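Here are my notes after a look through the model, point by point. Have it open while you read, and tell me where you disagree.

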Amino acid sequence: MWGRFTLTASPDHLAALFELPQEPVVVPRYNIAPTQPVAVVRISPASRQREWALTLWGLIPSWAKDPSIGQKMINARADGVAEKPSFRAAFKRRRCLVPASGFYEWKKTANGKEPHFITSADGEPLAFAGLWETWVGADGGELQTCTILTTDANELVSSLHDRMPVIVAPEDHSLWLGSGGGDSPAYLSQLQHLLRPYPAELMSEYAVSKFVNNVRNEGEQCIQRVEDSA
């Protein structure tokens with residue numbers, strides 16, 4: 001199960017990249033973990049325009065009796081989202097992009113697991129493919145939750161792990177969000193072509209200190225190169 005990333009891009013940069021109607025409120029985060037609030041870009045159910053929204057990381061299906069199921073639903077395997085009951089409705093109608101500046105993966109070594117930071121080669125923010133849901137509790141309270149899709153690791157990430165988040169290229173943002181695509185079989189088939197490993201040549205990675213291992217730790221030290229952390 002994959003699950004730790006960063007979001008440190010500026011509000012104006014994010015607004016331009018994701019074609020948002022206004023700049024979002026963003027607090028730089030260097031150690032985002034499951035069950036925490038995460039930002040998503042989605043089509044607003046009300047306005048049918050793009051919006052920046054906060055959700056909890058860990059999808060709770062609308063039919064779930066116990067919201068704790070979300071702790072096990074931080075990821076959805078891309079090869080099963082169209083069929084699995086937990087994800088198929090959201091895949092058809094409630095897709096989102098999860099903005100990120102990079103993500104972490106851990107490599108097994110003789111000295112234990114070594115954290116690595118993976119980001120875009122050009123320093124541009126990434127967009128993870130996500131799904132979102134609204135869960136309503138017995139008291140009428142609502143929770144907005146999301147999950148991040150994963151696929152096979154590319155050549156760069158495979159030395160660390162066999163899975164990686166699905167990354168949607170900027171030119172495919174509109175296709176994934178589907179402001180006018182509906183849920184026709186032909187359109188959903190187009191979406192499946194986006195659920196592939198991101199090109200390794202467009203990414204870079206380096207080892208970071210074990211400071212990031214503790215989810216309570218925050219700040220630039222999380223992404224500091226090992227050779228620079230002494």
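**Notes on the model**

1. R48 is partly exposed, with a relative accessible area of 46%; on this scale, buried is under 20%, exposed is over 50%, and partly exposed is in between, with a 1.4 Å probe and protein chains only. The residue sits in the loop between β3 (37–43) and β4 (50–57). Most residues other than glycine have a negative phi. Helices (H or I, at least four residues) and strands (E, at least two) are DSSP runs, numbered from the N terminus.

2. Some ground rules before going on. This is a predicted model, with residues numbered from 1 along each chain as its sequence is written. Local features need pLDDT of at least 70 and side-chain atom pairs pLDDT 80 or more, while totals for chains, interfaces and linings use all residues, and side-chain values use heavy atoms, with hydrogens and water left out.

3. E19 also has a positive phi for a residue other than glycine, near 55°. Its loop runs between α1 (11–17) and β2 (29–32). Is E19 buried or exposed? Exposed, at 55% relative accessible area.

4. Now the strand pairing, where two strands count as paired if DSSP finds at least two bridges between them. Strand β7 (residues 102–109) is antiparallel to β1 (residues 5–7), and 2 bridges join them. Within that pair, F5 has F103 of β7 as its bridge partner. β7 is also joined to β8 (residues 112–120), again antiparallel, by 7 bridges. β7 and β8 make a hairpin with 2 residues between them, and K107 stands opposite E114 in β8.

5. Which strand does β8 pair with over 5 bridges? That is β12 (residues 203–207), and the sense is antiparallel. S120 has M203 in β12 as its bridge partner. If you are tracing side chains along these strands, recall that in a regular strand they alternate between the two faces of the sheet.

6. On packing, I looked at nonpolar cores, meaning sets of buried Ala, Val, Leu, Ile, Met, Phe, Trp, Tyr and Cys residues joined through side-chain atoms within 4.5 Å. The largest one has 60 residues, and those with the most contacts inside it are F5, W57, F103, F128, L131, L149 and W176. Strand β9 (residues 126–136) supplies the largest share of this core, 6 residues. Apart from it lies another core of 8 residues, including W106, Y206, V212 and C222. Both F5 and F103, then, are core residues as well as bridge partners.

7. A127 is buried, with a relative accessible area of 2%. The C-alpha atoms of A127 and S10 are separated by 15 Å, although the two residues are 117 apart along the chain.

8. How many disulfides does the structure hold? The count is 0, taking a disulfide as a pair of cysteine sulfur atoms within 2.5 Å. For C146, the nearest cysteine sulfur belongs to C96 and is 5.6 Å away. C146 is buried, at 0% relative accessible area. C222 is in no disulfide either, with the nearest cysteine sulfur, that of C146, 20 Å away. C222 likewise counts as buried, at 0% relative accessibility.

9. Last, the largest pocket: it has about 240 Å³ of space. A pocket here is an open set of points on a 1 Å grid over the protein atoms alone, where a 1.4 Å probe fits, with protein on both sides within 12 Å along at least five of seven lines; lining residues have an atom within 4 Å of a point. Points are joined across faces, edges and corners, and the volume is the space filled by probe spheres set on them. Of the 13 lining residues, V27, R29, P37, A39 and L54 are the closest to its centre. β1, β2, β3 and β4 each give two or more residues to the lining, and β3 gives the most, with 3. The lining divides into 12 nonpolar, no polar and 1 charged, where Ala, Val, Leu, Ile, Met, Phe, Trp, Tyr, Cys and Pro count as nonpolar, Asp, Glu, Lys and Arg as charged, and the others, Gly among them, as polar.
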